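Me: I want to learn how to read helix packing and strand pairing in a model. Can we work through one?

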Amino acid sequence: MNERTTDLLVVGSGVAGCAAALAGARAGADVTLATKATQPEESTSYWAQGGVAVTRGEPEAFKADILKAADGVADPEAVDVLVDSADEAVEDVFLDTLGVEFDGEKSPDYGREAAHSEARILHVDASTGKHLLAPFLNHLADHDAVEILEDTAALELLTHEGRVHGAMLEQDGEWAPCFAGATVLATGGIGACYGRSTNPETATGDGIAMAALAGADLEDMEYVQFHPTAFAGETNRDGQGTFLLSEAVRGEGALLRNGDGERFMPEYHADAELAPRDVVARAVETERDRTGEVYLDVTPLDFEAEFPDLHAECEKRGVDPDDGIPVAPAEHFLCGGIAVDTEGRASLDRLFAVGECARTGVHGANRLASTSLLEALVWGLRAGEAATGFDAEEIEASELLDRDPTLPEGFAEEKAVRLRRVMDEYVGIERTPDDLRRAQSVLRRLKGEVDAYTRTRTSRPLYELRGACVTALLVARAAAEQEESRGCHHLVEEPTADAD
């Protein structure tokens, strides 16, 4: 790993990072794209199922749906930027540049998902993410102005007097500074902080933690969205996350039934299965506790024909969809993150953030389905362009020490298991003030134990663990400070089991 200098450093290779790299290159910058991934499926974007929402000529209706789902917390200006930019950005990048063929081709087969008032979602079966990300990465790999560094992690930001000058990068156990005119964080979500998540195991909150430790502002960290219909089978920690049953299935007529075979969502919300995600997730959790299970009834539709990818996933797990697909909520998306403006600028000079690690203000307290890929694209393009034109300045980088023996065997995994248990028990779908206080206490101790090792040891797993600890503590702290239930931050009176 050699010291390097670049006009624009982008950390992360999901749709947001790729969009920032593309925009930077188009604006004339030499771009370095650093990613922990070695293949597309290690990015959260790859696993996005539903699709990309567009206006279909009704931008005001789209804006209204976003604001309603966000439970009064979204920033209207940010929502305006997202919706007003949506159609042009999708046409420019996904259609004209990448040649993505959405279902329906000349006559698009628009899907409908929860809390959308109409069908407006472009999709490719229920595997949209992989059909967007793979061609995006291929396009950038062929671009003369973009260098992609795979299997490369950012350990910390390089800062001096409130300005970010790049990041310390690690590859194959070696690390060196990458000095940049501007830095864009596009590191994805925080799924590794929870036991059940739809995210890949690489989603350890790296960008959020690095930004927080450097002094950047964060907002809305308490709003962690749980997807209501993840497969309820064995938790998968092999890097692919928990298998997700897209909301598009419910949009086509699938029903949720409890262990008694009863359809229950009409009792919880007038929109039934198409209620906002936070409402459906809590209802599913309640019915699982009350009746033992919840399953998705797909018999009202031709499941195999309409969702062949999901049908194949069920077959792999020995599930006959006609008998019902067992589902349970799983951590899915962080609505908050690094606070940024409408061009992705963070509070630190020359630092930008896009995608799930950023808090743009679009999602508020609860993200509307199929807006994440759109937000990633729109803010990625805006940030990539805004982050160009700066000259890289070399500074004296802090020395990372590696003088002590390697970590004790099993240390990182043991601490990660403890972290996930605390977050599942205390900072999940339903929370109590006492539980949030307990969570902070446990997480502070856990972070202290990890910090004791990072002072004298440098390794990617250790820094990922530190990032997860910092991010989890930020979520718990923000949740404790928010005394009102909003969206996916839901407070209850009953205490939960002790996880410490």
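**Reading the packing**

Reply: Helices α1 and α10 are roughly parallel to each other; angles under 35 degrees count as roughly parallel, over 145 as roughly antiparallel, 65 to 115 as roughly perpendicular and the rest as oblique. This is a predicted model: local features need pLDDT of at least 70, side-chain atom pairs count only at pLDDT 80 or more, and totals for chains, interfaces and linings use all residues. Residues are numbered from 1 along each chain as its sequence is written, and side-chain values use heavy atoms, leaving out hydrogens and water.

Me: How do the axes of α1 and α10 cross?

Reply: Two packed helices are described by the angle between their axes and the distance between the axes. Axes are lines fitted to C-alpha atoms, for helices over the stretch in contact, with angles from 0 to 180 degrees between N-to-C directions. Here α1 (residues 15-26) and α10 (residues 372-386) come within 7 Å and cross at roughly 30°. Helices (H or I, at least four residues) and strands (E, at least two) are DSSP runs, numbered from the N terminus.

Me: Which residues of α1 and α10 meet?

Reply: Contact means heavy atoms within 4.5 Å. From α1, the residues include Ala-16, Ala-20 and Gly-24; their counterparts in α10 include Leu-373, Leu-377 and Gly-380. By class, this contact has 9 nonpolar, 3 polar and 1 charged residues. Ala, Val, Leu, Ile, Met, Phe, Trp, Tyr, Cys and Pro count as nonpolar, Asp, Glu, Lys and Arg as charged, and the others, Gly among them, as polar.

Me: Now strands. What is the order in the open sheet of 3 strands?

Reply: Two strands pair if DSSP finds at least two bridges between them. The order is β9-β14-β16, with mixed pairing. β9 (218-219) and β16 (358-359) each have a single partner strand, so one side of each lacks a neighbour in the sheet. β9 pairs with β14 (residues 337-339) in the antiparallel sense over 2 bridges. Leu-218 has Ile-338 as its bridge partner in β14. Helix α5 (residues 206-214) lies across β9 and β14, at about 45° to β14.

Me: Is strand β7 largely enclosed or left open?

Reply: Buried means under 20% relative accessible area, exposed over 50%, partly exposed in between (1.4 Å probe, protein chains only). In β7 (residues 163-171), 7 of the 9 residues are buried, so the strand is largely enclosed by the rest of the structure.

Me: Which strands pair with β7?

Reply: β6 (residues 153-160) pairs with β7 in the antiparallel sense over 6 bridges. Glu-156 stands opposite Met-168 there. β8 (residues 174-185) also pairs with β7 in the antiparallel sense, over 6 bridges. Leu-169 faces Ala-176 in β8.
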